[in-house]
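Welcome! Here is a short tour of a protein model, written so that you can follow along on your own screen.

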Amino acid sequence: MPRRYIYGPFPSRRLGLSLGINILFNYKICTYNCVYCEIGLTKKENLVSPKCRIKNSPTLNFRKELVSILKYIPHLNSLSFTGYYGEPTLNENLLNFYTITLDVRKEMKWTSEPPLITLFTNSSTLYSDEIRERVKHFDLVLAKLDVANDDDFKRTNRPHKTAPNIETIIEDLAKLKKEMPTGHKLAIQCLIFNSNKKEFISNNTPKNINDLAYALKKIKPDIVQVYSIARMPANYFVFSIDDKRKQEIVNTFRDVIKDNDVYVRYY
Ligand code: SF4
């Protein structure tokens, strides 16, 4: 049976052994067109509003696929609803997929701890109470925040014109953190990159890093993950920052956040 929903498993530096779950289509549909996106540019017709709702519901094959693969990987660390084909929270049946995944996790035998059920989001839809309500079920939410001012937001993430502004997104993330049940974790992922093109300012500037540090202080996530480009970016003129710069950014974040409950590190 060809796989429709599941890909991997693959080793992830941040999650351990991770199995990818795609609840969208087999092409990219997203509210952003990030300059560094590793799955290429978002086509104009597939750059959608955060109000857009996709109605893909899980077929019986979803459970079958999960069970058929999971029996071979009892040492799995994460069942990951990824952004591999775009923004998963656009699917209004997110919770149906989650519930089946949770059931299957309960049924299976695991070598040690059962895998976390993890959700990746680009944060653009979190203004919606309904979507935050769904998102907070996940054990671990990995939410994107690469920028903390609107100029950098427009350059880096190139959002759909109806996307909220960055101030609203930061408030939504702070709200989500407060609403998440005890034991569930919010990780903020900050992808920082350089630019080879003089006229294109990257998000690796003292202003953006400083703005981000204050945004993180406001959100108070459990985890902050600083990382950079690891594969071919959508626009060839952006490239990875090095580990020395990642460490400097981590230090700036720690100095501003000043909170031992917020675990900041780079990958
Ligand atoms: S949010 Fe994720 S999938 Fe969408 S364009 Fe950005 S990197 Fe690509």
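A crossing of two helices is called left-handed if the near helix is turned anticlockwise from the far one by less than a right angle, and right-handed if it is turned clockwise. With that in mind, look at helix H1 (residues 60-70) and helix H2 (residues 94-107): their crossing is right-handed. Please remember that this is a predicted model.

- Eight strands form an open sheet with mixed pairing, and their order is E1-E2-E3-E4-E5-E6-E8-E10.
- At the edges you will find strand E1 (6-12) and strand E10 (263-266), each of which pairs on one side only.
- Going from one strand to the next, the twist averages 25°.
- E1 and strand E2 (residues 16-21) run antiparallel and are joined by five bridges.

**Helices H1 and H2**

- The axes of H1 and H2 come within 10 Å and cross at roughly 35°.
- On the H1 side, the contact is made by Phe62, Arg63, Leu66, Val67 and Leu70, while H2 brings Phe97, Ile100, Thr101 and Val104.
- Sorted by class, this contact of H1 with H2 holds seven nonpolar residues, one polar residue and one charged residue.

**Helices H5 and H6**

- Helix H5 (residues 166-179) packs with helix H6 (residues 206-219) at an angle of about 30°, and their axes are 8 Å apart.
- Because angles under 35 degrees count as roughly parallel, H5 is roughly parallel to H6.
- The crossing of H5 and H6 is right-handed.
- From H5, the residues Ile170, Leu173, Ala174 and Lys177 meet Ala215, Lys218 and Ile219 in H6.
- The contact of H5 with H6 has five nonpolar and two charged residues, with no polar ones.

**Helices H6 and H7**

- H6 also packs with helix H7 (residues 243-257), here at an angle of about 45° and with the axes 9 Å apart.
- H6 and H7 are therefore oblique to each other.
- The crossing of H6 and H7 is right-handed.
- H6 makes this contact with Ile209, Ala213, Tyr214, Leu216 and Lys217, and H7 makes it with Ile249, Thr252, Phe253, Val256 and Ile257.
- The residues of the contact of H6 with H7 divide into eight nonpolar, one polar and one charged.

**Around the ligand**

- Which residues are around the ligand? They are Cys30, Tyr32, Asn33, Cys34, Cys37, Ile39, Thr42, Gly83, Gly86, Glu87 and Asn122.
- By class, this shell has five nonpolar residues, five polar residues and one charged residue.

**Two backbone details**

- In general, most residues other than glycine have a negative phi, and most peptide bonds are trans.
- The peptide bond from Gly8 to Pro9 is cis, with omega near 10°.
- Ser123 has a positive phi of about 80°, although it is not a glycine.
- To locate Ser123, look in the loop between strand E4 (116-121) and helix H3 (129-135).

Conventions: Residues numbered from 1 in each chain as written. Predicted model: local features only at pLDDT ≥ 70, side-chain atom pairs only at ≥ 80, totals over all residues. Near = placed C-beta within 6 Å. Nonpolar A, V, L, I, M, F, W, Y, C, P; charged D, E, K, R; others polar. Axes fitted to C-alpha atoms, helices over the stretch in contact; angles between N-to-C directions. Helix = DSSP H or I, 4+ residues; strand = E, 2+ residues; numbered from the N terminus. Parallel < 35°, antiparallel > 145°, perpendicular 65-115°, else oblique. Contact = placed C-beta atoms within 7 Å. Pairing = 2+ DSSP bridges.
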